[in-house]
Amino acid sequence: SKAMPISFVFYTGVGQSEFAVADMVDMFILFISPAGGDELQGIKRGIIEMADLVVVTKADGELLVPARKIQAEYTSALKLLRNQSKSWNPKVVYIKYGCA
């Protein structure tokens with residue numbers, strides 16, 4: 001079998017466009033920063049519900065503790081907001097460096 005090419009769609013913004021982006025991709029990844037200040041507000045709710053993977057960025061130094069806290073909050077939120085699937089349950093991870 002022939003391997004499929006990997007493509008990345010990098011989208012920045014909040015609005016109706018994320019629904020179109022989510023329909024175009026196999027995996028919808030949400031990158032968030034622990035210093036964002038708008039954790040779990042309504043503006044991100046739609047995005048959270050679509051996310052297959054949430055990545056908390058910049059989880060080092062003084063932001064490590066807030067990153068772990070946000071990881072726990074988003075893990076709980078995804079359990080409440082997303083229908084559980086037999087094939088995939090959204091994950092929340094944190095990384096030391098990132099783009100958010």
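Trainee: Why is Glu 73 called partly exposed?

Mentor: Glu 73 has a relative accessible area of 26%. With a 1.4 Å probe and protein chains only, buried means under 20%, exposed means over 50%, and partly exposed lies in between, so Glu 73 is partly exposed. Before we go on, this is a predicted model, in which local features need pLDDT of at least 70 and side-chain atom pairs count only at pLDDT 80 or more, while totals for chains, interfaces and linings use all residues. Residues are numbered from 1 along each chain as its sequence is written, and side-chain values use heavy atoms, with hydrogens and water left out.

Trainee: What makes Lys 69 count as exposed?

Mentor: Its relative accessibility is 53%, and the cut-off for exposed is over 50%, so Lys 69 qualifies.

Trainee: How do you know that Lys 69 and Glu 73 form a salt bridge?

Mentor: Their closest N and O atoms are 3.6 Å apart. A salt bridge needs a side-chain nitrogen of Lys or Arg within 4 Å of a carboxyl oxygen of Asp or Glu, so this pair meets the definition. Searching the whole structure gives one salt bridge.

Trainee: Where do Lys 69 and Glu 73 sit relative to each other in helix 3?

Mentor: They are four residues apart in helix 3 (residues 64-81), which means a separation of about one helical turn. An α-helix has 3.6 residues a turn, so residues three or four places apart point the same way.

Trainee: How do you know that the span of helix 3 is close to the expected one?

Mentor: Helix 3 has 18 residues and reaches 25 Å from its first C-alpha to its last.

Trainee: Which residues of helix 3 are buried, and what puts them on the same side?

Mentor: The buried ones are Ala 67, Ile 70, Tyr 74, Ala 77 and Leu 78. They cover an arc of only 100 degrees around the axis, so they share one side of helix 3; the arc is that of the directions from the helix axis to the C-beta atoms. On the other side, Val 65, Lys 69, Lys 79 and Leu 80 are exposed.

Trainee: Why is Ile 29 called partly exposed?

Mentor: Ile 29, which is found in strand 1 (residues 29-32), has 34% relative accessibility, so it counts as partly exposed.

Definitions and conventions: Helices (H or I, at least four residues) and strands (E, at least two) are DSSP runs, numbered from the N terminus. The expected span of a helix is 1.5 Å times one less than its number of residues.
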